[in-house]
Amino acid sequence: MSDPILRPANADDVEAVTAIFHEGWHDVHPGRVPDGLTERRTPEAFHDRVTQRIAETDETTVAEVDGTVAGFIMVNDEGEAEQVYVDRAFRGTTVATLLLTEAERQIAAAGHDVAFLVVVRGNDRAQAFYARQGWTDEGDYDYPVQALGEDFISPCRKYTKRLR
């Protein structure tokens with residue numbers, strides 16, 4: 001396996017990013033978030049969201065390994081690493097660390113001193129990963145989510161990292 005290469009996502013990545021996002025989300029969220037939210041997290045909903053984010057912003061970065069999209073990040077203007085997902089085949093490799101480091105770099109470059117992210121409560125693997133990467137668990141955080149026009153609260157943990 002070659003080293004991962006980071007690059008901005010483009011329209012050709014929509015299908016791969018959608019598949020990683022849908023699969024990764026459903027690996028950890030069902031049973032931890034409101035049932036109505038899980039029901040609305042369809043492949044089509046993820047596809048629409050990914051298509052819009054890639055077309056309208058430069059906030060999505062993919063990690064590519066040997067021509068395959070192995071994972072992605074989405075950052076936003078508020079200093080949040082909004083999405084950090086790795087394809088199952090690449091979990092446990094360097095992909096997640098590389099992507100998270102890139103998210104930190106992008107957030108710092110946007111002028112933020114502190115980055116934050118949220119992880120659904122009970123996602124022990126992600127929580128342990130963020131702690132190993134120097135992120136601080138700030139405690140419970142009720143994260144507002146909108147899915148297909150309906151509002152939900154996702155029970156999360158908030159993590160922060162001082163960047164400067």
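**Pockets, helices and positive phi angles**

Reader: Which residues line the second largest pocket?

Author: The lining of the second largest pocket consists of Arg7, Pro8, Asp58, Glu59, Thr60, Thr61, Val75, Asn76, Asp77, Gln106, Ile107 and Ala110. The model is predicted, with local features needing pLDDT of at least 70 and side-chain atom pairs counting only at pLDDT 80 or more, while totals for chains, interfaces and linings use all residues. Residues are numbered from 1 along each chain as its sequence is written, and side-chain values use heavy atoms, with hydrogens and water left out.

Reader: How is a pocket found, and what volume does the second largest pocket have?

Author: Rolling a probe the size of a water molecule over the atoms shows where empty space is left. On a 1 Å grid over the protein atoms alone, with a 1.4 Å probe, a pocket is an open set of points with protein on both sides within 12 Å along at least five of seven lines, and lining residues have an atom within 4 Å of a point. Points are joined across faces, edges and corners, and the volume is the space filled by probe spheres set on them. For the second largest pocket the volume is about 180 Å³. Strand 1 (5-8), strand 2 (60-65) and helix 4 (95-109) each supply at least two of its lining residues. Here helices (H or I, at least four residues) and strands (E, at least two) are DSSP runs, numbered from the N terminus.

Reader: Which residues lie nearest the centre of the largest pocket?

Author: They are His29, Gln83, Val84, Tyr85 and Tyr130, from a lining of 48 residues. The largest pocket holds about 1200 Å³ of space. Strand 4 (residues 81-86) gives the most to this lining, with 6 residues. By class, the lining has 27 nonpolar, 11 polar and 10 charged residues; Ala, Val, Leu, Ile, Met, Phe, Trp, Tyr, Cys and Pro count as nonpolar, Asp, Glu, Lys and Arg as charged, and the others, Gly among them, as polar.

Reader: Which residues of helix 3 are buried, and which are exposed?

Author: An α-helix has 3.6 residues a turn, so residues three or four places apart point the same way. In helix 3 (residues 43-56), the buried residues (under 20% relative accessible area; exposed is over 50%, partly exposed in between, with a 1.4 Å probe and protein chains only) are Ala45, Phe46, Val50, Arg53 and Ile54. These lie on the same side of helix 3 because they cover an arc of only 150° around the axis, taken from the directions from the helix axis to the C-beta atoms. Glu44, Asp48, Ala55 and Glu56, on the other side, are exposed. Gln52, also found in helix 3, counts as partly exposed, at 44% relative accessibility.

Reader: Where does phi take a positive value in a residue other than glycine?

Author: Most residues other than glycine have a negative phi. Asp66 has a positive phi, near 50°, and its place is in the loop between strand 2 and strand 3. At 52% relative accessibility, Asp66 counts as exposed. Leu148 likewise has a positive phi, of about 50°. Leu148 sits in the loop between strand 6 (136-147) and strand 7 (150-162), and is exposed, with a relative accessible area of 61%.

Reader: Which residue with a positive phi follows helix 4?

Author: Gly111 follows helix 4, and its phi is near 100°. Within helix 4, the buried residues include Leu99, Leu100, Ala103 and Ile107.

Key. The expected span of a helix is 1.5 Å times one less than its number of residues.
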